[in-house]
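Biologist: I have the sequence and the model open. Can you walk me through what was computed, one topic at a time?

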Amino acid sequence: MVRTTNFNAGPAALPLEVLQKAQNEFVDFNGAGMSVMELSHRSKEYDAVHQKAKALLKELMEIPDDYEILFLQGGASLQFSMIPMNFLSKEKTAHFIMTGAWSEKALAEAKLFGSTSVIATSEDDTYKYIPDIPEIPADGAYLHLTSNNTIFGTQWQQFPDSPIPLVADMSSDILSRKIDVSKFGIIYAGAQKNLGPSGVTVVIIKKDLLSKENEQVAKILKYSTHAKANSLYNTPPTFAIYMLSLVLEWLKEKGGVAEIEKRNRKKAGILYRAIDESGGFYKGHAREDSRSNMNVTFTLKNDELTKAFIAKAKEERMSGLGGHRSVGGCRASIYNAVSVEDCEKLAAFMKTFREEH
Ligand SMILES: Cc1ncc(COP(=O)(O)O)c(C=O)c1O
């Protein structure tokens with residue numbers, strides 16, 4: 001078997017050890033005589049998986065006791081709606097900091113439920129940077145931001161102290177670096193980049209928000225419903241949660257978030273160096289002070305060269321390097337499961353390709 005070096009933006013690379021462990025347990029989970037997929041979500045065998053995933057996430061992210069950890073479905077995209085549905089109304093304003101296409105989607109959904117305002121944006125320069133934060137209005141319902149911009153390749157370096165609940169879409173950088181959870185009211189992330197396969201969405205929500213939900217919301221779309229039921233109100237995506245538990249175990253074995261953060265810095269450094277030392281052959285999309293350690297975006301001189309780069313990389317068994325259609329060029333997504341060696345391989349390829357062209 002030859003594994004392809006996977007730079008996909010999501011679904012994305014998973015650690016080989018995790019895939020192999022899942023493979024070993026696939027048909028007979030822990031002596032149950034059935035796959036984890038076949039277990040009842042009310043069984044004690046599945047309960048152990050569910051609790052382990054929660055406990056490991058709490059430990060690795062140092063989530064304080066006054067937060068609920070929820071495993072939901074609907075992707076990060078459902079959170080774009082579920083948050084305003086529960087916490088916004090016609091009399092209130094939700095504030096937004098716009099750093100890309102995902103912030104735009106979150107804003108568009110919020111507009112359906114109440115008043116919104118954009119307090120900072122980098123749209124003026126195709127979202128190449130994270131804008132400075134103006135004073136945050138103290139009377140808003142919440143402030144929403146996207147911590148890492150998967151498409152444009154920018155990432156927040158530090159988070160504001162907000163007088164209103166800070167809500168962050170961390171889909172593409174959760175668990176990639178240490179963060180202070182207590183600064184946030186809600187953190188949400190689709191799993192398919194740093195956490196596991198698609199199908200489960202992690203929501204970390206401050207408990208005091210649960211009593212502030214709007215009343216006219218369908219039961220299944222209320223956070224309090226899932227909090228009360230330990231994310232077992234309806235059948236959860238059990239296999240995705242199992243995979244999440246394996247990824248979290250793997251991360252813990254690797255030394256936890258502090259270690260992975262160091263590794264992620266190193267990986268991104270290798271690729272940004274390949275861009276910066278290319279004499280303009282490769283151009284980074286993001287401004288240097290806003291560069292993402294998860295999605296490295298860059299362009300080549302023209303479409304023809306870009307296509308040749310992607311095709312040649314594929315020949316060398318590196319995939320997922322095409323940029324998002326709205327930015328063009330290339331993007332290497334280097335989430336936690338992508339290794340330093342994978343990044344070295346890509347950087348070496350970038351050098352050879354440049355010399356040949
Ligand atoms: C930052 C960010 N937010 C939201 C989404 C949408 O996630 P989902 O497909 O889980 O709804 C993505 C997907 O790539 C993303 O990168």
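Biologist: To begin, where does Pro 11 lie?

Modeller: Pro 11 is in the loop between strand S1 (5-6) and helix H1 (16-25). Helices (H or I, at least four residues) and strands (E, at least two) are DSSP runs, numbered from the N terminus. The peptide bond from Gly 10 to Pro 11 is cis, with omega near -5 degrees.

Biologist: What should I know about the model and the numbering?

Modeller: This is a predicted model, in which local features need pLDDT of at least 70 and side-chain atom pairs count only at pLDDT 80 or more, while totals for chains, interfaces and linings use all residues. Residues are numbered from 1 along each chain as its sequence is written, and side-chain values use heavy atoms, with hydrogens and water left out.

Biologist: On to the ligand. Which residues come nearest?

Modeller: Ser 77, Thr 150, Asp 169, Gln 192 and Lys 193 come nearest, out of 13 residues around the ligand. A residue is near a molecule if one of its heavy atoms lies within 4 Å of it.

Biologist: How many of the shell residues are nonpolar, polar and charged?

Modeller: The shell has 3 nonpolar, 8 polar and 2 charged residues. Here Ala, Val, Leu, Ile, Met, Phe, Trp, Tyr, Cys and Pro count as nonpolar, Asp, Glu, Lys and Arg as charged, and the others, Gly among them, as polar. Helix H3 (residues 75-87) gives the most to the shell, with 4 residues.

Biologist: What does UniProt place at Lys 193?

Modeller: The unreviewed UniProt entry has "modified residue: N6-(pyridoxal phosphate)lysine" at Lys 193. UniProt positions are given in the numbering used here, feature names are shortened, and annotations may be inferred rather than shown by experiment.

Biologist: Is Lys 193 buried or exposed?

Modeller: Lys 193 is buried, with a relative accessible area of 13%. Buried means under 20% relative accessible area, exposed over 50%, and partly exposed in between (1.4 Å probe, protein chains only). The contacts of Lys 193, leaving aside neighbours within four places in sequence, include Ala 9, Gly 10, Thr 150 and Tyr 335; contact means heavy atoms within 4.5 Å. A polar atom of the Lys 193 side chain lies 3.1 Å from the backbone oxygen of Ala 9.

Biologist: Thr 150 keeps turning up. Where does it lie?

Modeller: Thr 150 lies in the loop between strand S6 (148-149) and strand S7 (154-155). At 5% relative accessibility, Thr 150 counts as buried.

Biologist: And Trp 102, what is its place?

Modeller: Trp 102 is in helix H4 (residues 101-110). Trp 102 is partly exposed, with a relative accessible area of 30%. Not counting residues up to four places away in sequence, Trp 102 touches Phe 80, Thr 146, Thr 150, Ile 151 and Asp 169.

Biologist: Which residues does the UniProt "binding site" annotation cover?

Modeller: In the unreviewed entry, that annotation covers Ala 76, Ser 77, Trp 102, Thr 150, Asp 169, Gln 192, Asn 234 and Thr 235. They span 160 residues in sequence, and the farthest two C-alpha atoms are 30.6 Å apart, so they do not all gather at one spot.

Biologist: What does Thr 235 touch?

Modeller: Thr 235 touches His 41 and Gln 73, not counting residues up to four places away in sequence. Thr 235 is partly exposed, at 47% relative accessible area.

Key
A polar contact is a pair of N or O atoms within 3.5 Å; within protein, one must be able to donate a hydrogen and the other to accept it, and residues adjacent in sequence count only if both atoms are side-chain atoms.
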